[in-house]
Amino acid sequence: MKIADGLWLLLIPLLLMPTAGCPTDPRGVFDDGEPDPDDLTDDDDSTDPVDVDCTSLPDPPLVERTLDGPRATKGLAIGSDGRVVGSDDSSLIKSTYDGDWEVFLPGIGTVEGMLYLPDGDLVITSSWDEGDLRRISPDGGITVIASALLAYSVIQGPDGMLYAAGWDGAFRVDPDTGAVDTLIASGWDDPWSPRTLAFSEDGSRLFVGTVDEDGRIFVFDLDEDFEPTGPPAVHVTGVGNGWHDGLGIDACGNLWTVDFESSSLYRVSPEGDIDRMVDWSSNPSQFGHGLIWGSGTGGWRSDALYLPVPEGGDVVKEVIIGVPEANR
């Protein structure tokens, strides 16, 4: 054996060792910040990370990419069939992760918030036109749940109720009867208004993203019946300049929000520490006007956020944050 051959045999184990920029997720994120294209499909539905170390989450800037096919303006929802539904500001469009798409419901108008209910119906909101909270069946039938809420966003709480937020306040809505309870009443002259909502993992708190020049996020403490125990309190101040177009909480208790005024994605720790994780301020057209986590199936990563980018052509961005949603 030549000496050079022997040296190569000694070097091979070192070359195979993981380094600081190499992928730890089996789907592959590399030093250049781009996911490995060969690893971005998911035929075996095995996209969930094995576990999460909440003491060692990714530092900014995060890995992001623009997907081919999916279209969205403000809201997104991933169905049980593995397809995402979004809006091009006229029609609702369904797409696979790989980009096969079709028009689901034409001429629906402006749609902002959306989510799938367990029975497969889609709930949509709009803070424009009539501002109705609507329910759409899988075959495209439309029912008005509640009229003129003017809600920008909607989520489903652990109690099965819908929670919507917009210019006129924050509301709890029964998806079956349409009964509405007002949690916050607001108007144009108020110093802030609700924009987005997120429950804590145990359901004991409801966080409120805002339109507020101080960038405040508020929080309700809830009793065992999910009733507020008092008025909302300030949870943290200075999360951007106060148009929180998306809000969610991860399995480590961190809040994630996008702020329109600063064109950025933020992470807020349970202790209230604020980190700007992605900064699009040098190119605001790339800002995402909302966020959801991937489902962990069909190619949608459970450790990534998906953001609609209306000023960038109604495309959808994938931002890998390294941790799944709470209660996933």
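Here are some friendly notes on this predicted model, point by point.

1. **Ground rules.** The model is predicted, so local features need pLDDT of at least 70 and side-chain atom pairs count only at pLDDT 80 or more, while totals for chains, interfaces and linings use all residues. Residues are numbered from 1 along each chain as its sequence is written, and side-chain values use heavy atoms, with hydrogens and water left out.

2. **The largest pocket.** A pocket here is an open set of points on a 1 Å grid over the protein atoms alone where a 1.4 Å probe fits, with protein on both sides within 12 Å along at least five of seven lines. The lining comprises 39 residues, a lining residue being one with an atom within 4 Å of a point. Nearest the centre of this pocket lie Leu 115, Ile 155, Gln 156, Ile 292 and Glu 325.

3. **What lines the pocket.** Sorted by class, the lining has 21 nonpolar, 13 polar and five charged residues. In this scheme Ala, Val, Leu, Ile, Met, Phe, Trp, Tyr, Cys and Pro are nonpolar, Asp, Glu, Lys and Arg are charged, and the others, Gly among them, are polar. Several strands supply at least two lining residues each, including strand 10 (151–156), strand 14 (193–199), strand 18 (244–249), strand 22 (292–293) and strand 23 (304–309). Strands (E, at least two residues) and helices (H or I, at least four) are DSSP runs numbered from the N terminus.

4. Buried means under 20% relative accessible area, exposed over 50% and partly exposed in between, with a 1.4 Å probe and protein chains only. Ala 304, Tyr 306 and Pro 308 point one way, and Leu 305, Leu 307 and Val 309 point the other.

5. **The neighbours of strand 23.** Strand 22 pairs with strand 23 in the antiparallel sense over two bridges; pairing requires that DSSP finds at least two bridges between the strands. Ile 292, one of the residues nearest the pocket centre, stands opposite Tyr 306 of strand 23. Strand 24 (residues 315–320) is also antiparallel to strand 23, with six bridges between them, and Val 316 of strand 24 faces Pro 308 as its opposite number. These two strands form a hairpin with five residues between them, and Gly 313 in the turn has a positive phi of about 100°.

6. **The disulfide.** The structure holds one disulfide, defined as a pair of cysteine sulfur atoms within 2.5 Å. Its partners are Cys 54 and Cys 252, with sulfur atoms 2.0 Å apart. The torsion about the S-S bond is about -80°, so the disulfide is left-handed. Cys 54 lies in the loop between helix 1 (3–16) and strand 1 (63–66), and Cys 252 in the loop between strand 18 and strand 19 (255–259), so the pair ties together parts that are 198 residues apart in sequence. Cys 54 is partly exposed at 43% relative accessible area, whereas Cys 252 is buried at 16%.

7. Thr 257 sits in strand 19 and is buried, at 0% relative accessibility. Its side chain reaches the backbone oxygen of Gly 246 at 2.6 Å. Strand 19 and strand 20 run antiparallel, joined by five bridges, and Tyr 266 in strand 20 is the bridge partner of Thr 257. Strand 20 (residues 264–268) has five of its five residues buried, so it is largely enclosed by the rest of the structure. On its other listed pairing, strand 20 runs antiparallel to strand 21 (residues 274–279) with five bridges, and Leu 265 stands opposite Val 278.

8. **Turns worth a look.** In the hairpin of strand 19 and strand 20, with four residues between the strands, Ser 263 takes a positive phi near 50°. In the hairpin of strand 20 and strand 21, with five residues between the strands, Gly 272 has a positive phi near 95°.

Conventions:
Polar contact = N/O pair within 3.5 Å; in protein donor to acceptor, adjacent residues only side chain to side chain.
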